[in-house]
Amino acid sequence: MKFLVIINPTSGNGNSKNIFDKKIKKYLDSNEINYSIFISKKKGDIQNYVLSYKFNKDKNILLLGGDGTLFEIFQGLKNYNTDEFNIYITPTGSGNAIYTSFDKPQFNSCKINKNSQLLLSNFEMNDEKGLFGLGISIGLISDVDLNTEWMRYIGNTRYDLGGIYYILNTPSYKLKIEYTNNKNENKTIVNDFTQLFIFKCSHCSDNMLLNPDQKMSEDNYTLIAIPNTLTKYELLKLFINLSSDYSPYYDNNKIIIDKVKSFVITPLDEKSKNSLTIDGEKYNFNYPLKGNISNKKINIY
């Protein structure tokens, strides 16, 4: 059995290489497990390495990183039959949403068995096509994530500090949302929003619950669209309760919630063009973004 070990040394608080050297390497060597190592130096390295790597019958990847590391691996595997691949996660990122949604739920209501399959999704924007596993975010949460990168060293506290700042200075994003739901109904919404989520995961980080009933293996997403008509008090209540044992969105009838099979999101103002993340990775949002459930699955351990 052979492993490709992928290490993102800048993920989270920058401790990935140290964890590998002190813990994982010792285990692999003592059990005479064959492996090769790749350590990324900059964004895009992992995607390019996986694209060019010659996999044999053993298609096992052990990663030390977060959701961004996984996202790069997905892009590197987009031309493969992903059903044959096994990804073993050592979570060293800031959010670790995929790992948390599968293996380490904070709350009793969303336990998912270890050794599960993730149903991947397709995205297309302009001439770029790729795969994603978590979902998309446009708005306040994306701004918090992107603009607190410089505080990675303090861990998840950066999200709390950023959240409070952006709630007090609430942004607004004009979007056109077109989607087909799980009842095969086609819907279009044009509005000013504070936040839009379309996601497959139950958590967006290890202490932020999105939807306890969402399963990574399901052939649909949860859509949550928060209009800019919510008061700062309502937003603060939502933000605080993201770390509780239920989904606070369902308590507010202003918020649009639906189950989605496919979607097209179009930015209608300049601010919206700078606030898109796909699996937590920033994208310039200058064209409509299309997404749908694919037939690609990948094994997560």
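Contact here means heavy atoms within 4.5 Å. Helices (H or I, at least four residues) and strands (E, at least two) are DSSP runs, numbered from the N terminus. This is a predicted model: local features need pLDDT of at least 70, side-chain atom pairs count only at pLDDT 80 or more, and totals for chains, interfaces and linings use all residues. Residues are numbered from 1 along each chain as its sequence is written, and side-chain values use heavy atoms, with hydrogens and water left out.

Start with helix α2, residues 45–52. Its buried residues are Asp-45, Ile-46 and Val-50. Buried means under 20% relative accessible area, exposed over 50%, partly exposed in between (1.4 Å probe, protein chains only). Seen down the axis of α2, these buried residues fall within an arc of 120 degrees, so they line one face of the helix. That arc is taken from the directions from the helix axis to the C-beta atoms. What do they pack against? β1 (2–7), β2 (34–39) and α3 (67–76).

Now the aromatics. Rings of Phe, Tyr and Trp (its six-membered ring) pair if their centres lie within 6.5 Å; planes under 30 degrees apart are stacked, over 60 edge-to-face, the rest tilted. The count is 16 aromatic pairs. Take Tyr-53 and Phe-55: centres 4.7 Å apart, planes at 70 degrees, so edge-to-face. Phe-55 also pairs edge-to-face with Tyr-80, at 5.6 Å and 85 degrees. Phe-55 sits in the loop between α2 and β3 (60–65), Tyr-80 in the loop between α3 and β4 (86–91), so the pair ties together parts 25 residues apart in sequence.

Buried or partly exposed? Tyr-80 is partly exposed, at 24%. Phe-55 is buried, at 15%.
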